[in-house]
Amino acid sequence: MAGKTLYDKLWESHVVHTEPDGAVLLYIDRQLLHEVTSPQAFSGLRAAGRKAWRIDANIATADHNVPTTDRAAGIVDPTSRLQVDTLDQNCAEFGIEEFGMLDPRQGIVHVIAPEQGLTLPGMTVVCGDSHTATHGALGALAFGIGTTEVEHVLATQCLWARKAKSMRVWVEGALGQGVTAKDMVLAIIGKMGTAGGTGYAIEFAGPAVQALSIEGRMTLCNMAIEAGARSGMVGVDAITIDYLRGRPYAPVGRIWDQAVAAWGQLHSDSDADFDAEIHLDAADIAPQVTWGTSPEMVAEISATVPDPDQETDPVRRKGWTDALAYMDLQANTPLSAITLDKVFIGSCTNARIEDLRAAAAVAKGHHKAASVKLAMVVPGSGLVKAQAEAEGLDRIFKEAGFEWREPGCSMCLAMNADRLEPGERCASTSNRNFEGRQGAGGRTHLVSPAMAAAAAIAGHFVDVRDWPAK
Amino acid sequence: MEAFTVLEALVAPLDRPNVDTDAIIPKQFLKTIERQGLGKHLFDAWRYLEKDGTQIDNPDFILNQPIYADARILLARENFGCGSSREHAPWALADYGFRAIIAPSFADIFANNCVQNGIVLIRLPADVVDHLFHEVAANPGYRLRIDLPAQEVQTMGDSRYHFPMDAGHKHKLLHGLDDIQLTLQHEEAIRTYEAARRQAAPWLFRDGV
């Protein structure tokens, strides 16, 4: 009999009940709540006169709507303010711990939960947010859910689910200098397509994945959803344990030792079978730039914008044609010739300390191009911001003409005041280049933090591997 | 939730692959703390134009064509509903009046959210979907009949296409059920599981750390 995958182990350890038709009642260890997808869930509980099943399983923060400038001034937009106030009131009423807007631990929910040790290996983690897969980097089964399911988890600590198929994405070799986890995951999505992972739970494995820090693994798992998979995960190893040791909500003493012993099992057995396998060689991966309106529309920096006339599949051809029209790009334009209006470094994909260090290393001693109207750096959390400031990264950015902001989701989805104006073109370290994602009519190119910083300085995309270090 | 058995209705075609939930309902409408009233913002960026500072219907957008005004079935392409987990997408679709969507494939989270809101998702092979796009274009006022108990799409010309459906989802849609009530029938099993888990892995409980 074949061994078990990591996904098998995580799934089986959370089955509360199985229906005759195979539907499973799955236990949820941790729910993360934010202001956008929770108000209707709390209203539902209230209307039914229900309480939260297990208060300590939940943690909340406001991230999508919060301003990234002067926090003390509060939120100007009354609808945004009402949503954040509603979260505060709901958490107070139901007894749920919240990192409020002025708490130094506040930040993007997918940055703060690992940072606090609120995400632990072996957990099931859910959130009303598709980028919940991020937490799989710590050997957890993590996936995004809708608001009705948020209410269901609050009320029952469980979800009805069916086991997904398993896929292993194996990345051989080692990433080259200047090539990051972001480039790896964009290359994977380019290969699989945005629906390639639909119906699957993806495990990322292989030497190039094992070589990544937890921050890098989070970037990788974060974008599993952009390949269609609800969850992405990486097996537990020494890097995972080292990351968690001493985190505020991680166990200590005897319980820590007991936990570490249990976490040692959280990897796929060597003889485990997967329903699908994809192999890449990290050495073949170059810095990536998206050119279209779907993350699968991606190419390496040395490439040109593809020509829809060369695509034989009619649905794809139409997709490319629509994308180029929206992006205002001509076929066969070199990606390095694309000029930018704005640059955004942030989001749950790339706003951790390692990301800011990589961007700062590129920006150091340079200044943003005059043609770039705004280059902004939005740390993933208050603690990331404090760490970056302790390392002097904020000074590097400011001297380079970048704006240094307060933590939140910001211009990844532009629910707060940070957004693209119609027609503006942005190099962004976020996860989605959908039409209008960063502001109605805005045009998004997804890249790594180093590539974004280099684009801000050059005014157009450049290959960061050729960047002169200062 | 409204139960779904059989629906015969007008079909509107949306001929693009990978329609994401940002397109279905843009971020500026996610600030609501209500579930209702999102239908007027469905496909907002495609549906409306700004003219002289006021919003007008975009005459080029398919749903603005008067012949599709009463459509209750949306015909779509592959990977419909990809991206963000926002349940505002099915809330907007349902509030607009769509009760069923036909496509070759749907994104996983969106599919789950639709079941919670009584929207029937019908997966048909890409060549069948392609054929239906041609039929809709060729026959103004094109209607389809969706028979959920039989899991069939029936044309007025009496072609029948069987579609797959999760048995649990089907039951829920047919009866318009609320999950929480059903789940709480397993309250003892949840408590038993939880007690064993607390014993085996106390670090997963914050009072156990």
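## Two chains, strand by strand

Me: How many bridges join strand E10 of chain A to E11(A)?
Reply: Three bridges join them. Strand E10 covers residues 200-205 of chain A, and the two strands run parallel. This is a predicted model, by the way.

Me: Which residue in E11(A) is the bridge partner of Ala201(A)?
Reply: Ser231(A) is its bridge partner.

Me: And what order do the strands of that open sheet take?
Reply: The order is E11-E10-E9-E12 in chain A. That makes four strands, with parallel pairing.

Me: Which strands stand at the edges?
Reply: Strand E11 (231-233) and strand E12 (276-281) of chain A. Each has a single partner strand, so one side of each has no neighbour in the sheet.

Me: How much twist from one strand to the next?
Reply: The twist averages 20°.

Me: Which helix lies across E9, E10 and E12 of chain A?
Reply: Helix H6 of chain A, residues 181-192. H6(A) runs at about 130° to E12(A).

Me: Next sheet. What is the order of the five strands in chain A?
Reply: This open sheet runs E17-E16-E15-E18-E19. Its pairing is parallel.

Me: Which are the edge strands there?
Reply: Strand E17 (403-404) and strand E19 (443-446) of chain A. Each pairs on one side only.

Me: How many bridges between E18 and E19(A)?
Reply: Four, in the parallel sense. Strand E18 takes in residues 425-428 of chain A. Within this pair, Ala427(A) stands opposite His445(A).

Me: What packs on the sheet?
Reply: Helix H15 of chain A, residues 449-458. H15(A) touches strand E15 (342-345), strand E16 (374-377) and E18 of chain A. The direction of H15(A) makes about 155° with that of E15(A).

Me: How many residues of H15(A) are buried?
Reply: Nine of ten, so to speak mostly covered. Among the buried ones are Pro449(A), Met451(A) and Ile457(A). Several alanines are buried too, including Ala450(A) and Ala456(A).

Me: What covers them?
Reply: The cover includes strand E13 (288-290), E15, helix H12 (353-363), E16 and E18 of chain A.

Me: And what comes just after H15(A)?
Reply: Gly459(A), with a positive phi of about 85°.

Me: Which residue has a positive phi of about 90° although it is not a glycine?
Reply: Ser347(A). Most residues other than glycine have a negative phi. Ser347(A) is found in the loop between E15 and H12 of chain A.

Me: Why does Ser347(A) count as buried?
Reply: Because its relative accessibility is 0%. The cut-off for buried is under 20%.

Me: Where is Ser410(A)?
Reply: In the loop between E17 and E18 of chain A. Phi of Ser410(A) is near 55°, again a positive value in a residue other than glycine. Ser410(A) is buried as well, at 0% relative accessibility.

Me: Switching to chain B. How many helices and strands?
Reply: Eight helices and nine strands. Chain B has 209 residues, and 57% of them are buried. The C-alpha trace spans about 65 × 50 × 25 Å along its principal axes.

Me: How many positive and negative side chains in chain B?
Reply: 21 positive and 29 negative. The centres of the two sets lie 4 Å apart.

Me: Which strand pairs with E5(B)?
Reply: Strand E4 of chain B, residues 73-75, over three bridges in the parallel sense. Leu75(B) has Ile102(B) as its bridge partner.

Me: Which way do the residues of E5 point?
Reply: Ala100(B) and Ile102(B) point one way. Ile101(B) and Ala103(B) point the other way. All of them are buried.

Me: Where is Asp179(B), and what does it touch?
Reply: Asp179(B) is in helix H7 of chain B, residues 179-183. Beyond residues up to four places away in sequence, Asp179(B) touches His152(A), Trp160(A), Gln116(B) and Lys172(B). Asp179(B) is buried, at 14% relative accessibility.

Me: Asp56(A): what is it in contact with?
Reply: Arg30(A), Phe205(B), Arg206(B) and Asp207(B), leaving aside neighbours within four places in sequence. Asp56(A) is in the loop between helix H2 (39-48) and strand E4 (58-61) of chain A. At 18% relative accessibility, Asp56(A) counts as buried.

Notes. Residues numbered from 1 in each chain as written. Chains lettered and ligands numbered in written order. Predicted model: local features only at pLDDT ≥ 70, side-chain atom pairs only at ≥ 80, totals over all residues. Heavy atoms only, no water. Buried < 20%, exposed > 50% of the residue type's maximum accessible area, 1.4 Å probe, protein only. Lys, Arg positive; Asp, Glu negative; His and termini not counted. Charge placed at Lys NZ, Arg CZ, Asp CG, Glu CD. Pairing = 2+ DSSP bridges. Axes fitted to C-alpha atoms, helices over the stretch in contact; angles between N-to-C directions. Contact = heavy atoms within 4.5 Å.
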